[in-house]
Each structure stands twice: as structure tokens, then as C-alpha cells.
Amino acid sequence: MLVYSGDTDGVVPTYGTKRWIEKLNWPVDQGKTWRQFMVDSQVGGYSESRDNGKFVFATIHGAGHMAPQWRRSYTYHAVY
């Protein structure tokens, strides 16, 4: 399962989503905490993996809650 959040979203902020995920009490996978992903030599966002890769939380740099519309390439790289 993938949950993503634009890091400039004022309606559903990344901090709130991260806090909700932390309340699930699923441990972060070893070595899979807040890794950046690159798109065209730019930071596209960060991700972390939980429950042996079954749950991934990713941020999309420079996007609000319409990330696929405003940051297509960054969202694409987060999903695939």
C-alpha cells in the first residue's frame, strides 16, 4: 500500500499524515527510513517503508494534495 503526501499541502499536511501512520505502530523497515528519490537530478521527495515493504509512505516535493496534477514526474517516480 502506498500513501503519499505533497510536502506543501496546507489542507492535509504531511505532518498530520505522518502522525497518523505512526499511530499504526508498524515498525519502520531496517534501513528504509526517509530515503530521498531523485528525478532529473532533483530531489523528488522522500519515502519510508514499513511492514517488510507492504506499506510505503512517500512525500512529493513541492506539491499540495493535487500532486499528480502539479508534480507529475515526481508522483510517477514515487508510485513506480
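**Close-up views of a predicted model**

**View 1. The place of G45 in strand β3.** G45 lies in strand β3, residues 42–50, where helices (H or I, at least four residues) and strands (E, at least two) are DSSP runs numbered from the N terminus. This is a predicted model, in which local features need pLDDT of at least 70 and side-chain atom pairs count only at pLDDT 80 or more, while totals for chains, interfaces and linings use all residues. Residues are numbered from 1 along each chain as its sequence is written, and side-chain values use heavy atoms, with hydrogens and water left out. G45 is buried, with a relative accessible area of 0% (buried means under 20%, exposed over 50% and partly exposed in between, with a 1.4 Å probe and protein chains only). Leaving aside neighbours within four places in sequence, G45 is in contact (heavy atoms within 4.5 Å) with R35, Q36, F37, T59 and H61.

**View 2. The open sheet.** The open sheet has 4 strands in the order β1-β4-β3-β2, with mixed pairing; two strands pair if DSSP finds at least two bridges between them. Because β1 (2–6) and β2 stand at the edges, each with a single partner strand, one side of each is left without a neighbour in the sheet. β3 and β4 pair in the antiparallel sense over 4 bridges, and S47 stands opposite A58 in β4.

**View 3. The largest nonpolar core.** This core (buried Ala, Val, Leu, Ile, Met, Phe, Trp, Tyr and Cys residues joined through side-chain atoms within 4.5 Å) has 8 residues in all, namely F37, V39, A58, I60, A63, A67, Y74 and A78. At least two residues of this core come from each of β2 (35–39), β4 (55–60) and α3 (72–79).
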